[in-house]
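I opened the model today to look up its ring contacts and one of its helices. My notes follow in the order I took them.

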Amino acid sequence: MEFEKAMREAEAYLTFTPRFIDPKQPQGLWFCNSVTEADAIQINAVCLGSGCDWDDVVKVQPFLECFPYLVIVTPNAIAREEMVKQMRPRLPAVCIYVISDAGFRNCKTMDEFIRTYGSDRLLDILEGAEELPAYGILNLAQVPRRDLRTVPRVLSRFPVLDRGIGGFFAGELSVWTGKRGVGKSTILGQMLLEAVDQGHTVCAYSGELPKEQFREWIYLQAAGPEHIVYEKDEATGKLLAMADPMADKQISEWVDERFWLFDLERNTRHDPETILKQFEYAKMRYNADVFLVDNIMSVDFDGYSDRDFNRVQSKFTQMLVTFSKRRKVHTHLVVHPRKSTSDKNSKVSSDDVSGSGDITNRADNVFFLTTHAAPDAKGQPDVKPLLQILKNRDFGARGQQWLDFDRKSRRFFQDRTGDPKRPYGWDMAAQQMRITEERGDIDGIFPEKEALS
């Protein structure tokens with residue numbers, strides 16, 4: 001019989017007396033904490049075998065499933081809690097009950113219970129049984145309602161994009177693509193600055209830019225066109241743009257311990273595990289909640305053949321998705337488009353992203369950045385950046401937004417209506433200007449004495 005076979009196999013991992021085991025008995029199978037407890041109960045009582053660990057209970061699942069339910073029985077509350085912790089995730093398909101303190105009627109051991117009440121009253125213990133909640137499935141009616149208005153997010157400050165996707169929400173992954181040189185890294189550097197400006201802490205992996213160059217680009221964007229100076233390179237006569245000394249100092253104070261960068265020199269390996277380990281540290285130590293991987297092609301996937309390359313990229317993307325949802329952060333991932341997309345101007349889809357289709361399937365948002373001829377204010381063709389929404393999971397948004405680009409500060413801004421000079425939080429002069437403007441409103445409420453006469 002199948003039960004006898006399952007019981008013989010279970011004897012390698014569980015301790016019990018076979019003649020006392022009967023799945024037809026109404027009390028189910030009682031899982032005890034020790035041999036002493038199992039010997040005291042006898043009928044349908046088992047415990048973990050000597051030298052076995054909790055992973056071994058999975059091996060006896062066919063035996064356990066012969067009983068209508070499993071009962072965790074031990075008066076020791078600490079041991080009982082540990083048994084629940086170990087068994088519930090390992091046996092998700094088994095109906096499990098646990099005896100509460102009330103069921104043991106203040107008895108400290110099973111021997112004491114039997115001496116006090118008699119072995120014929122053992123089944124009374126089941127009156128204190130509580131069924132453990134299902135593991136791995138949820139009662140939809142008990143799932144809390146999500147209010148996107150309260151979910152932490154970062155706005156891009158591009159009005160059309162923000163209206164479309166609602167912002168970059170915590171727990172999501174955004175994939176950015178576009179041909180080389182179009183500005184993917186640049187626009188994402190700006191998105192990180194926007195996050196800092198909105199009170200977030202960020203962490204970036206940039207696999208291609210040395211730290212000094214990364215800093216230079218970020219500081220130019222943070223400075224804005226009004227705080228950039230040019231220094232002449234005496235060797236070539238070329239003018240080099242940089243944030244002016246005062247702005248550079250204030251930006252450093254502003255981003256201090258709020259903008260973290262993966263150290264390419266100290267982290268000699270750039271494999272997925274190392275990148276995620278550093279991201280986890282940034283989250284736990286500095287509460288970083290916005291992350292960037294630029295780009296997936298610079299991640300080390302050593303040891304995999306070309307045939308496996310798409311699979312490991314997909315696996316890494318899933319690791320980022322899991323990290324984002326578990327830690328309630330937003331992650332940006334840069335992925336190159338397929339070569340066939342290079343000549344396309346506008347009509348693209350998620351299928352045009354390089355690598356496995358799983359990358360875009362797993363992402364919450366997919367964006368495509370390109371350049372395209374658009375009419376200027378006079379109706380003349382002008383090549384401008386075009387940002388397209390290829391996928392948005394929350395609202396199903398599709399569409400595009402024309403941008404403009406300030407080469408001096410490397411800033412993108414809304415075409416025609418945007419302002420490349422918009423100040424960030426480091427700019428004390430800009431903050432003072434806003435205070436002055438508010439004072440004007442106060443003066444309007446309380447007129448000068450001459451106006452009262």
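**Rings and charges**

I began with charges over rings in this predicted model. The charged end of Arg105 sits over the ring of Tyr117, 4.9 Å from the ring centre. I then looked up Arg19, which lies over the face of Phe20 at 4.6 Å from the ring centre.

The structure holds 20 aromatic pairs. I looked up the pair of Trp260 and Tyr286, which is stacked, with 3.9 Å centre to centre and 20° between the planes. Trp260 belongs to strand β13 (residues 259-261) and Tyr286 to helix α10 (residues 272-286), so this pair ties together parts 26 residues apart in sequence. Trp260 is partly exposed, at a relative accessible area of 24%. Tyr286 is also partly exposed, at 21%.

I went on to Phe301 and Phe316. Their rings form an edge-to-face pair, 6.1 Å centre to centre with 70° between the planes. Phe301 is in the loop between β14 (290-294) and α11 (306-327), while Phe316 is in helix α11; the pair links distant parts of the chain, 15 residues apart. Both Phe301 and Phe316 are buried.

I also noted a cluster. Ring pairs link Phe3, Phe16, Phe63 and Phe67 into it.

**Helix α9**

Which residues of helix α9 (residues 245-255) are buried? I found Ala247, Ile251, Trp254 and Val255. They cover an arc of only 80° around the axis, so they sit on the same side of α9. What do the buried residues of α9 pack against? I listed α7 (184-197), α8 (211-223), β12 (239-243) and β13.

I then looked at the face of α9 turned away from its buried side. That face carries the exposed residues Pro245, Met246 and Glu253.

I checked both ends of the helix. At the start of α9, a side-chain oxygen of Asp244 comes to within 3.1 Å of the backbone nitrogen of Met246. Just after α9, Glu257 takes a positive phi of about 60°.

**Confidence**

The chain average is 88, and 88% of the residues score at least 70. Where does pLDDT stay under 50? I found this over residues 432-453, for which the model has one contact beyond four places in sequence. Where pLDDT is low, the predicted coordinates should not be read in detail.

How values were computed:
Residues numbered from 1 in each chain as written. Heavy atoms only, no water. Phe/Tyr/Trp six-rings, centres within 6.5 Å; stacked < 30°, edge-to-face > 60°. Helix = DSSP H or I, 4+ residues; strand = E, 2+ residues; numbered from the N terminus. Buried < 20%, exposed > 50% of the residue type's maximum accessible area, 1.4 Å probe, protein only. Lys NZ or Arg CZ within 6 Å of the ring centre and 35° of its normal. pLDDT = per-residue confidence, 0-100. Contact = heavy atoms within 4.5 Å. Arc of directions from axis to C-beta. Polar contact = N/O pair within 3.5 Å; in protein donor to acceptor, adjacent residues only side chain to side chain.
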